[in-house]
Amino acid sequence: MPITFSCQDADDFITVKYAGKITGDDLIAAWKAFLEDEKFTPGNNYFIDVSDADLSKLTGKGLHDYVAYLEQFIAAQGQGVTVRKSAIYAPDTLAYGIARMYDALGIDTAKSIRVFKDKQDAINWLGNNAS
């Protein structure tokens, strides 16, 4: 699968790694499987690494549909689903631009999102509780 989720005990966040060609359908399928799994617990920080992703097949509609899915999921869960922070590591120009579009579209998903070109800056921001 082009999108994987992992958490190491030392991390205070879940790492989401995108690799290879990613489409809107890939985003929805991966996040749906993760969020709707019985082991999912809300309230996590996320480090989203798109450094190895090819986002050239991710359309505006695909991105919009993904955000719509997240908004529906959060609304269905009520107050029980909160995400503290999502740091998107996107060193590539195309990935950075798409991540910024996601940030703009995702304003209603109850997330605090920042996009970074530097991996360590993203990780440091996740560890800073002051936002």
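This is a predicted model: local features need pLDDT of at least 70, side-chain atom pairs count only at pLDDT 80 or more; totals for chains, interfaces and linings use all residues.
## Rings, charges and a buried loop residue

Lys117 lies over the face of Tyr96, at 4.9 Å from the ring centre.

**The overall layout.** The protein has 4 helices and 5 strands, and going along the sequence they come in the pattern β-β-α-β-α-β-α-β-α. Of its 131 residues, 41% are buried. Take the contacts between residues at least 6 apart in sequence, and 75% of them join residues at least 24 apart.

**Aromatic pairs.** Searching the whole structure turns up 13 aromatic pairs. One of them is Phe47 with Tyr89: the ring centres are 6.3 Å apart and the planes meet at 15°, so this pair counts as stacked. It ties together distant parts of the chain, since Phe47 belongs to strand β3 and Tyr89 to strand β4 (residues 86-89), 42 residues apart. Phe116 and Trp125 make a tilted pair, with 5.8 Å from centre to centre and 45° between the planes.

How buried are the residues in these two pairs? The cut-off for buried is under 20% relative accessible area, and here are the values:

| Residue | Relative accessible area | Class |
|---|---|---|
| Phe47 | 3% | buried |
| Tyr89 | 14% | buried |
| Phe116 | 8% | buried |
| Trp125 | 6% | buried |

There's also an aromatic cluster made up of Phe5, Trp31, Phe34, Phe40, Tyr46, Tyr66, Tyr69, Phe73 and Tyr102.

**Asn45, in a loop.** Asn45 sits in the loop between α1 (24-35) and β3 (46-54). What does the side chain of Asn45 reach? The backbone nitrogen of Lys85, at 2.9 Å. Leaving aside residues up to four places away in sequence, Asn45 touches Asp12, Phe13, Ile14, Arg84, Lys85 and Leu126.

**Gly62, in a helix.** Gly62 is part of helix α2 (residues 60-77). With a relative accessibility of 10%, Gly62 is under the 20% cut-off and therefore buried. Its C-alpha atom is separated by 8.8 Å from that of Ile28, which is 34 residues away along the chain.

Technical notes. Residues are numbered from 1 along each chain as its sequence is written. Side-chain values use heavy atoms; hydrogens and water are left out. Helices (H or I, at least four residues) and strands (E, at least two) are DSSP runs, numbered from the N terminus. Buried means under 20% relative accessible area, exposed over 50%, partly exposed in between (1.4 Å probe, protein chains only). Contact means heavy atoms within 4.5 Å. A polar contact is a pair of N or O atoms within 3.5 Å; within protein, one must be able to donate a hydrogen and the other to accept it, and residues adjacent in sequence count only if both atoms are side-chain atoms. Rings of Phe, Tyr and Trp (its six-membered ring) pair if their centres lie within 6.5 Å; planes under 30 degrees apart count as stacked, over 60 as edge-to-face and the rest as tilted. A charge sits over a ring if NZ of Lys or CZ of Arg is within 6 Å of the ring centre and within 35 degrees of the ring normal.
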